[in-house]
Amino acid sequence: MEKLKKLYQTELHRFAQQKKKIRRLWNISEKTAELLYFFVLFKTPDKILEIGTSNGYSTFWLSLAAEKIKAKIISIEIDDTRFALAKENLQQRKNVELLKGNALELIPTLKSEFELIFIDAGKIDYIKYLQLLFPKMKDNSLIIADNVISHKNTVKEYLDFIKSDPGFLTMTLPFAAGLEISIFKREK
């Protein structure tokens, strides 16, 4: 991982500088970024969906891993400033498609099915994102939801649902802001 960080030191430095300057950038931790990278390599999805791009830090890490397996990423961001930063930061990443808008409106328009989904957007809407994603997920799709410890009360409805629905195998990873890692099992 250190080798990878050195290779992309300039880009990673840019993300860090933006986060210092702009208060409303909510980037995942470095450890979470590394974990996403490994999940992509382990899962080897064709299509990845990210809900909540921010300035593209998590998208960048997803993209690095996706490049190795020739996967594509669609990432959705609602905020104009964050979207513009992400567009600038990710302009060299050829496997990323950035969509500007409300994920609740954009998810139903997506034609792809996704094997890996990373949710890190409006916490109150996690459950709504999940409901919209049902027809967009393949059997054994991996869903990773960030901030499930730091925003436990806000994502309670999401957690209650995903932990009680027999279509999901799920666990909470208690590091950084907390990640809920879930595998979706399509009924046969």
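Reader: Before we get to Phe161, where do you draw the limits for "partly exposed"?
Author: Buried means under 20% relative accessible area and exposed means over 50%, so partly exposed is what falls in between. Keep in mind that this is a predicted model.

Reader: OK, and how are the rings of Phe134 and Phe161 arranged: stacked, tilted or edge-to-face?
Author: Ring planes over 60 degrees apart count as edge-to-face. The centres of Phe134 and Phe161 sit 6.1 Å apart with the planes at 70°, so this pair is edge-to-face.

Reader: How many residues apart in sequence are the parts that this pair ties together?
Author: Phe134 is in the loop between α7 and β5, while Phe161 belongs to helix α8. The pair therefore ties together parts whose separation in sequence is 27 residues.

Reader: What about Phe134 and Phe184: stacked, tilted or edge-to-face?
Author: Planes under 30 degrees apart would be stacked and over 60 edge-to-face, with the rest tilted. Here the centres are 5.7 Å apart and the planes are at 50°, so the pair is tilted.

Reader: Is Phe184 buried or exposed?
Author: Phe184 lies in strand β7 (residues 179-184). Its relative accessible area is 6%. The limit for buried is under 20%, so Phe184 is buried.

Reader: Switching to the largest nonpolar core, which element gives the most to it?
Author: This core has 27 residues, and Leu49, Ile119 and Tyr158 touch the most other members. Elements that each supply at least two residues include β1 (47-51), β5 (137-146) and α7 (126-133). With five residues, the top contributor is α7.

Technical notes: Residues numbered from 1 in each chain as written. Predicted model: local features only at pLDDT ≥ 70, side-chain atom pairs only at ≥ 80, totals over all residues. Heavy atoms only, no water. Core = buried A, V, L, I, M, F, W, Y, C linked by side-chain atoms within 4.5 Å. Buried < 20%, exposed > 50% of the residue type's maximum accessible area, 1.4 Å probe, protein only. Helix = DSSP H or I, 4+ residues; strand = E, 2+ residues; numbered from the N terminus. Phe/Tyr/Trp six-rings, centres within 6.5 Å; stacked < 30°, edge-to-face > 60°.
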